Amino acid sequence: MKIYPIEAGNFKLDGGAMFGVVPKTIWNKTNPADENNLIDIAARCMLIENGSRLILIDTGMGNKQSDKFFGYYSLWGSHSLDKSLEEKGFHRDDVTDVFMTHLHFDHCGGSVNWNKDKTGYEVAFKNAKFWSNESHWQWATQPNAREKASFLHENIIPMQESDQLHFVQKPNGDFGTCGLGFDILFVDGHTEKQMLPHIKYQGKTIVFCADLLPTAGHVPLPYVMGYDTRPLLTLPEKEKFLKTAADNNFYLWLEHDAHNPIITVEQTEKGIRLKEKLRLEDVL
């Protein structure tokens with residue numbers, strides 16, 4: 001097995017929204033804001049080469065939305081999904097599986113492109129199976145008013161229309177195996193049935209944290225995003241996860257931290273805290 005980072009593009013989000021009730025005087029120390037109160041955000045996806053399978057976890061925003069739409073997110077840097085795949089020696093047609101932690105636009109937008117004449121949409125990975133889970137799919141296709149702006153029809157429905165959509169079966173508990181070569185933790189605080197892959201790699205466990213732990217600045221327990229639909233559920237989910245991560249020395253892959261790709265955590269007198277910031281090459 002080999003793991004590659006796929007940088008699908010950088011953007012910015014409101015720091016207050018990213019940290020919820022935590023005051024700016026605190027979160028600005030770890031995630032400094034610009035003059036518009038925006039903080040740096042990454043879309044750091046993961047590519048797993050495992051035998052004949054090439055599995056891409058999340059796909060970023062994509063590039064099919066309007067300039068007005070992207071203007072809300074202050075895109076920056078030169079990263080793109082196709083460029084990052086090419087740098088690793090791959091093409092999107094090589095991808096056999098696209099695993100989406102959840103279907104918010106910044107995690108699955110790159111799964112669907114405009115068709116050739118821009119009259120409609122088509123899946124961006126023509127040879128891949130697209131993986132979600134049935135509960136989350138229903139949640140995303142019949143969205144509540146709070147999340148409706150994050151679940152975009154054009155990002156989601158073409159996967160079903162192409163007959164390439166598949167569902168991971170949820171285990172009886174919140175943690176189980178799947179047929180893709182890694183285990184999955186299901187969490188519900190951010191959105192219904194978000195899936196966090198746990199990958200065994202060279203004697204280590206790497207966890208793709210998605211939106212349960214977006215940046216290194218979010219390690220303290222109360223630091224929960226304002227975007228979460230059930231923040232009081234995120235708290236116990238996050239507490240349990242971080243305790244397990246500290247006890248087992250998990251390597252935490254931060255999808256949204258533009259400057260800290262992988263971290264570890266440890267138990268302290270003040271609770272779970274950041275232990276070490278790591279470079280990708282230190283772990284992979």
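**Rings, strands and a buried asparagine**

Colleague: How far from the ring centre of Phe 186 does the charged end of Lys 170 sit?

Modeller: This is a predicted model, in which local features need pLDDT of at least 70 and side-chain atom pairs count only at pLDDT 80 or more, while totals for chains, interfaces and linings use all residues. Residues are numbered from 1 along each chain as its sequence is written, and side-chain values use heavy atoms, without hydrogens and water. A charge sits over a ring if NZ of Lys or CZ of Arg is within 6 Å of the ring centre and within 35 degrees of the ring normal. For Lys 170 over Phe 186, the distance to the centre is 5.7 Å.

Colleague: Over the face of which residue does Arg 92 lie?

Modeller: Arg 92 is also placed over a ring face.

Colleague: How are the rings of Tyr 4 and Phe 90 arranged?

Modeller: Rings of Phe, Tyr and Trp (its six-membered ring) pair if their centres lie within 6.5 Å; planes under 30 degrees apart are stacked, over 60 edge-to-face, and the rest tilted. By this rule there are 13 aromatic pairs. The centres of Tyr 4 and Phe 90 are 5.4 Å apart and their planes stand at 70 degrees, so the pair is edge-to-face.

Colleague: How many residues apart in sequence are the parts that this pair ties together?

Modeller: Helices (H or I, at least four residues) and strands (E, at least two) are DSSP runs, numbered from the N terminus. Tyr 4 belongs to strand β1, whereas Phe 90 lies in the loop between α4 (81-87) and β4 (97-99), so the separation of the parts in sequence is 86 residues.

Colleague: Is Tyr 72 buried or exposed?

Modeller: Tyr 72 and Tyr 73 form an edge-to-face pair, with 6.5 Å between centres and 90 degrees between planes. Buried means under 20% relative accessible area, exposed over 50%, and partly exposed in between (1.4 Å probe, protein chains only). Tyr 73, at 16%, counts as buried. With a relative accessibility of 54%, Tyr 72 counts as exposed.

Colleague: Which strands are at the edges of the open sheet?

Modeller: The sheet has 6 strands in the order β1-β2-β3-β4-β7-β8, with mixed pairing. Two strands pair if DSSP finds at least two bridges between them. Those pairing on one side only are β1 (2-14) and β8 (165-167).

Colleague: What is the relative accessible area of Asn 155?

Modeller: Asn 155 is found in helix α7 (residues 153-161). Leaving aside neighbours within four places in sequence, its contacts (heavy atoms within 4.5 Å) include Lys 64, Phe 105 and Val 112. Asn 155 is buried, and its relative accessible area is 0%.
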